[in-house]
Amino acid sequence: MPLLTDPLHSGCLNLKNRLVFPSVSTSTADENGKVTEDTLNFFRERTKGFGLAILEHSYVSSLGKAGPHMLSISSDSDIEGLAKLVRLVHDNDCQMHIQLDHGGGWTIPDLQNCLNPEKNPQGKQITDYLTDEELDYIVQAFASAAARAREAGFDGVQIKACHVYLLSQFYSPLTNHRTRGKYTGNSFEGRIRLTLDVLRSVRDAVGRDYPVSVRFPVQDYDPAGSSLEEGVRAARLIQEWGASFLDLSGGPKYRYFHPFIQSPGWFGDDAAVIRQAVRIPVMVTGGITEYSHAEQLLNNHKADLTGVCRAVLKNPQWAHGLYNK
């Protein structure tokens with residue numbers, strides 16, 4: 001049976017163990033998105049014991065900044081501070097990836113509540129605002145950010161295609177009502193295309209020997225939203241287009257929570273279905289507070305990697321005892 005301390009080797013991904021500190025917004029960047037001493041201090045203790053830490057979502061374009069004190073990887077001037085953070089995490093014998101993101105509707109106050117009829121009575125959606133030309137620019141911005149990440153010394157990048165941000169808004173039928181161009185909301189192919197185009201451009205920018213993962217919603221848990229069957233189709237395409245592993249989470253309606261399951265590893269049952277359909281590793285996060293919770297997900301073949309976040313926010317030394325448990 002796999003243990004948390006077992007290494008994981010899959011393609012270009014090589015990790016010393018199965019425990020991941022997943023992306024979480026620290027709000028420690030300065031007003032220009034630069035790494036600060038608070039950012040360094042946040043990760044100084046928390047990454048010890050982990051095989052991999054994934055840095056919080058960082059905007060690939062200034063037009064994609066989702067809020068104040070969000071980290072930036074949109075400019076070459078960001079590289080120096082990010083490289084300093086990578087070196088600190090490496091000193092903890094932990095690899096570090098960075099999550100690349102564009103805030104989509106979350107960058108526009110009028111669209112932040114796009115699923116709330118009371119606050120958005122006209123049903124405004126970011127997918128209706130952007131032209132194909134603007135989307136081509138965003139796709140290239142992801143690629144440029146990935147190249148900066150490799151230059152900064154990150155061990156890999158993660159594309160954020162979940163929660164309430166741009167790529168998820170295009171994938172979910174709840175938020176993509178687009179009727180023109182190549183990213184239309186009336187077909188699965190149109191909804192998944194932006195995520196795949198970003199993945200292709202990122203892979204082209206960093207090469208085949210560099211880990212690129214995708215954090216992706218398994219389903220919307222809404223009759224009008226994306227289904228688990230579509231999640232399986234999407235996972236296979238994401239694998240085919242070059243992803244190193246899948247990190248499963250929620251879409252724009254429930255984001256990082258499961259509406260019906262609160263047991264550790266909220267998305268574990270759905271992850272088991274997706275894991276059967278792909279050959280790349282699958283990661284599950286949510287409600288894991290004990291080593292035993294994480295190992296149960298591994299032993300029950302629901303995940304290959306387990307993410308622990310909130311327990312580490314409460315106790316920065318949570319993972320220090322992994323090899324002495």
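Biologist: Where is Ser61 found?
Modeller: This is a predicted model, in which local features need pLDDT of at least 70, side-chain atom pairs count only at pLDDT 80 or more, and totals for chains, interfaces and linings use all residues. Residues are numbered from 1 along each chain as its sequence is written, and side-chain values use heavy atoms, with hydrogens and water left out. Helices (H or I, at least four residues) and strands (E, at least two) are DSSP runs numbered from the N terminus. Ser61 lies in the loop between β4 (52–59) and β5 (71–72).

Biologist: Is Ser61 buried or exposed?
Modeller: Buried means under 20% relative accessible area, exposed over 50%, and partly exposed in between (1.4 Å probe, protein chains only). Ser61 has a relative accessible area of 3%, so Ser61 is buried.

Biologist: Which residues is Ser61 in contact with, leaving aside neighbours within four places in sequence?
Modeller: Contact means heavy atoms within 4.5 Å. With those neighbours set aside, the residues are Ser74, Tyr137 and Ala141.

Biologist: How many Å apart are the end C-alpha atoms of helix α2?
Modeller: The expected span of a helix is 1.5 Å times one less than its number of residues. Helix α2 (residues 79–91) has 13 residues, so it should span 18 Å. The model agrees, with the ends apart by 18 Å.

Biologist: What covers the buried residues of α4?
Modeller: The buried residues of α4 include Leu135, Ile138, Ala141 and Phe142. Their cover includes α2, β6, β7 (156–160), α5 (166–171) and α6 (188–206).
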